[in-house]
Amino acid sequence: MTDKTDLLPEGLEDRLPASADRITQTMRACLDVLDSHGYDRVRPPLLEFEGSLSRRMQGISTRSMFRFVDPSSLRTLALRSDITPQIGRIAATSMADAARPLRLAYCGDTAVIRANQLDPARERLQLGAELIGADTAAAAGEIVVLAIRALAAAGLSGISVDFTMPDLVDTLAAQDASITLESIEAIRRELDTKDAGGLKSAGGEAYLPLIHATGSFADAMAKLRDLDAGGPLGSRLDGLEAIAAQVGDTARITLDPTERHGFEYQSWFGFTLYAANVRGAAGRGGTYKIGGSDEAATGFTLYVDALADAAPQGEVAQTVYLPTGFSDSKAKRLRADGWRTVAQLSGSEDPKAMGCTHILENGEPKPL
């Protein structure tokens, strides 16, 4: 019987060898893509002062973080729930004088106090990239294409990306001097739920066409162009089309201009990534301003644990069992050629049970 003290807290789990290996392979594949495109990896700490984390980006609630008092400084520390604000801090402090645009990549664990019902995990391996110091369609397009290529490198297929326009209501409302802040918030709320009746009641009848301007990118864009007709959305719509052109046929593109959930802190562009066999979103990203410095940035986050679960199973590792008295030089050559080796420690070992596929006999690996 398992001792209850050995049970893990709700939302946390051990990743055993096969699962951990898939996560590692997925992480390496994605990071290799980021590195090949000039994104330098940084490693911020697991803990920071709570105030620093909460100040760097809107939309980060410290209530979701594990917090405690640092016995050294007597200040409140927080266990990060998102790495993106830490990248913003690095860009605004240690790398403030680095040439722009600044391309940074990261990968690390995050934790939250409470998870949601759709995703009960309270610990995640977060991987992503940030392009800092550029606020153009070209920069946003680079980030979207990079995220798609990372998913493809991890072995995922059926990739699609859903564009959104987080500041859409603010942009349109800025043209109407009679609309109040209370009305804008009510309109946002009803658009979030796609409630046409509620939208009318909130005084947002003019925004009704936005509810229907969703779906395939070409169709949704045509509806938005008709709605805007030379209005304030022109440059944003041009930007979306430029981003879509960069994506090309590498992914299916859809558009939901009023979607805001999870994009509240972003500016003119946001996107969500999906892939075959990945439950829920594979990742998300968009444009934003770094808190504290107000510098423009574009980035994305991939959910490595979910990607690893959906990625194709890799080939079984070829592992050679090395009986007592094996040649150390031969073992080194085998490892250099890509073999894994397991050295014998006692006469009672079962090589097959230990996961070995071969045994070293007469200086050569023989199948078990």
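Predicted model: local features only at pLDDT ≥ 70, side-chain atom pairs only at ≥ 80, totals over all residues.
Residues are numbered from 1 along each chain as its sequence is written, and side-chain values use heavy atoms, leaving out hydrogens and water.

**Helix α4**
- Helices (H or I, at least four residues) and strands (E, at least two) are DSSP runs, numbered from the N terminus.
- α4 covers residues 137-153 and reaches 24 Å from its first C-alpha to its last, close to the 24 Å expected (1.5 Å times one less than its number of residues).
- Among its buried residues are Ala137, Gly141, Ile143, Val145, Leu146 and Leu151.
- Glycine 155, which follows α4, has a positive phi near 95°.

**Backbone features in loops**
- Most residues other than glycine have a negative phi, and most peptide bonds are trans.
- The peptide bond from arginine 100 to proline 101 is cis, with omega near 0°; proline 101 sits in the loop between α3 (84-92) and β5 (102-111).
- Asparagine 277 has a positive phi, near 70°, and belongs to the loop joining β10 (266-274) and β11 (283-289).
- Asparagine 277 is exposed, at 71% relative accessible area.
- For asparagine 362, phi is positive at about 55°; this residue lies between β15 (358-361) and β16 (364-367), in a loop.
- Asparagine 362 also counts as exposed, with 81% relative accessibility.

Note on methods
Buried < 20%, exposed > 50% of the residue type's maximum accessible area, 1.4 Å probe, protein only.
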